[in-house]
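Please look at the structure shown here, and then read the notes on its pockets and its pairs of charged side chains.

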Amino acid sequence: MNEPLSYRGRTISAEDIASIRRIIDQNPHASRRQLSVLVSQAWDWRQTNGAWRDMVCRSLMLALHRAGHIELPLRKFAPPNPLARRTKPATDFLVDQSPLPGPLWALQPLVIRQVRRTDEESLFNGLIERYHYLGYSQPVGEQLKYLVCTQDRPVACQ
């Protein structure tokens, strides 16, 4: 490596890469995570809150590995990613779709139920998948899901 790299505001020199190689050689049984902590400690590389920058260091080491500058050990553990193989919500439920005659006030009482983290959440997801033009996709972050029902029949999702 002839010219220094810049990674997340830190200049990475040939000496830095040599120090990473030494740490890897001195700890042949360490995981990638353990190595990133050791490198962060050796460089005194900390976040503004004082914690080690081991996640940033791990991504730097992976980039250096992919570029051929260092040789990382094989991954020892790959955490499961439930989002990678998410299945579509079931849409094989029966819902009364007959027209509801009359004005809205005639449907009273309308019951609005929050269904997030309840047994009815799968019905909500399936209704959105079946009837919404975009289908259902898992929203990011926290959210609330409501079913609006009348006469024990869902009439709206919010």
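V95, D96, Q97, L127, I128, Y131, H132, P154, V155, A156 and C157 line the second largest pocket, where a pocket is an open set of points on a 1 Å grid over the protein atoms alone, at which a 1.4 Å probe fits, with protein on both sides within 12 Å along at least five of seven lines, and where lining residues have an atom within 4 Å of a point. The model is a predicted one, in which local features need pLDDT of at least 70 and side-chain atom pairs count only at pLDDT 80 or more, while totals for chains, interfaces and linings use all residues. Residues are numbered from 1 along each chain as its sequence is written, and side-chain values use heavy atoms, with hydrogens and water left out.

**The second largest pocket**
- Two or more residues of this lining come from each of α4 (121-131) and β5 (153-157), named as DSSP runs numbered from the N terminus, with helices (H or I) of at least four residues and strands (E) of at least two.
- Strand β5 gives the largest share of the lining of the second largest pocket, with 4 residues.
- The volume of the second largest pocket is about 240 Å³, a volume being the space filled by probe spheres set on the grid points, which are joined across faces, edges and corners.

**The largest pocket**
- The largest pocket holds about 460 Å³ of space, and of the 15 residues that line it, R32, R58, L62, R75 and F77 are the closest to its centre.
- Helices α2 (32-43) and α3 (54-66) each supply at least two residues of the lining of the largest pocket, and α3 gives the most, with 6 residues.

**Salt bridges**
- Side chains of opposite charge can pair when their charged atoms come close.
- The whole structure has 7 salt bridges, each being a side-chain nitrogen of Lys or Arg within 4 Å of a carboxyl oxygen of Asp or Glu.
- One of them joins the side chains of D96 and R153 at 3.2 Å, N to O, and because D96 lies in the loop between α3 and β3 (111-114) while R153 is in strand β5, the pair ties together parts that are 57 residues apart in sequence.
- R153 is buried, with a relative accessible area of 11%, whereas D96 is partly exposed at 44% (buried means under 20% relative accessible area, exposed over 50%, and partly exposed in between, with a 1.4 Å probe and protein chains only).
- Another salt bridge links the side chains of E121 and R116 at 2.8 Å, N to O, and both E121 and R116 are buried.
- Through salt bridges that share partners, R116, E121 and K145 form one network.
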